Amino acid sequence: MRIALISCSKRKAAYACSAQEMYSKSALFNKAIKYCRHHQYDLIFILSAKYGALSPTDEIDTYELSLNQFSPTEIENWAEKCSKFLLKKCGSESQFDFYAGKNYFEELSKRLPKANNILKGLGIGERLRFLSV
């Protein structure tokens, strides 16, 4: 299976809603979701500092938390939790393509056998251009 992992965004809805709606205020997030659907990934998950790996339809509450606020140990614990969930849900033979920043990729990718950092080295403008479908 081909799995897309998209990072959440700082800009969020101010109310409880689906994960996709929660982050829809971000142009980068919206382009990433659209790009991954266009490229027909088997599954798409959103990576959240608070909730871990979410399906776009998962209902969540608004929050203010970022991996940037985490200690190295907290990031490792977050990555361990996410990887266990993803491997159980998708299997170890799946290809995990990250559409996320360095903080999300570094620790989590160590725990997933087949991980690609699709946007590696691209600035925000370059990411937006790359994700334009």
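# Reading a predicted protein chain

Colleague: The relative accessible area of Glu 76 is 36%, and the residue is called partly exposed. What do buried, exposed and partly exposed mean?

Modeller: Buried means under 20% relative accessible area, exposed means over 50%, and partly exposed is in between, with a 1.4 Å probe and protein chains only. Glu 76 has 36%, so it counts as partly exposed. This is a predicted model, in which local features need pLDDT of at least 70 and side-chain atom pairs count only at pLDDT 80 or more, while totals for chains, interfaces and linings use all residues. Residues are numbered from 1 along each chain as its sequence is written, and side-chain values use heavy atoms, leaving out hydrogens and water.

Colleague: Where is Glu 76 found, and which residues does Glu 76 touch?

Modeller: Contact means heavy atoms within 4.5 Å. Glu 76 is in helix α3. Leaving out residues up to four places away in sequence, Glu 76 touches Glu 107 and Arg 111.

Colleague: How many helices and strands does the protein chain have?

Modeller: Helices (H or I, at least four residues) and strands (E, at least two) are DSSP runs, numbered from the N terminus. The protein chain has 5 helices and 7 strands. Read from the N terminus, their order is β-β-α-α-β-β-β-α-β-α-β-α.

Colleague: How do I read the radius of gyration of the protein chain?

Modeller: The radius of gyration is taken over C-alpha atoms, and the globule rule is 2.2 Å times the number of residues to the power 0.38. For 133 residues, a compact globule would have a value near 14 Å; the protein chain has 14 Å, so the two agree. Along the principal axes, the C-alpha atoms fill a box of roughly 30 × 30 × 25 Å.

Colleague: What share of the residues is buried, and what share of the contacts joins residues 24 or more positions apart?

Modeller: Of the 133 residues, 44% count as buried. Among contacts with a separation of 6 or more, 62% are between residues 24 or more positions apart.

Colleague: Which residues touch the most other members of the largest nonpolar core?

Modeller: In soluble globular proteins, nonpolar side chains tend to be buried together. A nonpolar core is a set of buried Ala, Val, Leu, Ile, Met, Phe, Trp, Tyr and Cys residues joined through side-chain atoms within 4.5 Å. In this structure the largest core has 43 residues, and Leu 5, Tyr 23, Leu 47, Trp 78, Phe 98, Tyr 99 and Leu 108 touch the most other members. The elements giving two or more residues to this core include β1 (2–7), α3 (72–90), β6 (95–99) and α4 (102–110). Helix α3 gives the largest share, 6 residues.

Colleague: What does Phe 98 touch?

Modeller: Not counting residues up to four places away in sequence, the partners of Phe 98 include Leu 5, Leu 47, Phe 105, Leu 108 and Ile 118.

Colleague: Which residues of α4 are buried, and against which elements do they pack?

Modeller: Tyr 104, Phe 105, Glu 107, Leu 108 and Ser 109 are buried in α4. The buried residues of α4 pack against β1, β3, α3, β6 and β7 (115–117).

Colleague: Is Ser 7 buried or exposed?

Modeller: Ser 7 has a relative accessible area of 17%, so it is buried. Ser 7 lies in strand β1. Beyond its neighbours up to four places away in sequence, Ser 7 touches residues including Phe 29, Leu 47, Gly 101 and Tyr 104.

Colleague: Where is Gly 101 found?

Modeller: Gly 101 is in the loop between β6 and α4. Its relative accessibility is 21%, so Gly 101 counts as partly exposed. Apart from residues up to four places away in sequence, Gly 101 touches Ser 7 and Arg 127.

Colleague: Is Gln 40 buried or exposed?

Modeller: Gln 40 has 64% relative accessibility and therefore counts as exposed. Gln 40 lies in the loop between α2 and β3. Its phi is positive, about 50°, although Gln 40 is not a glycine.

Colleague: What separates the C-alpha atoms of Glu 76 and Gln 40?

Modeller: Those two residues are 36 residues apart along the chain, and their C-alpha atoms are separated by 30 Å. For Glu 80 and Leu 108, 28 residues apart along the chain, the C-alpha separation is 7.2 Å. Glu 80 lies in helix α3.
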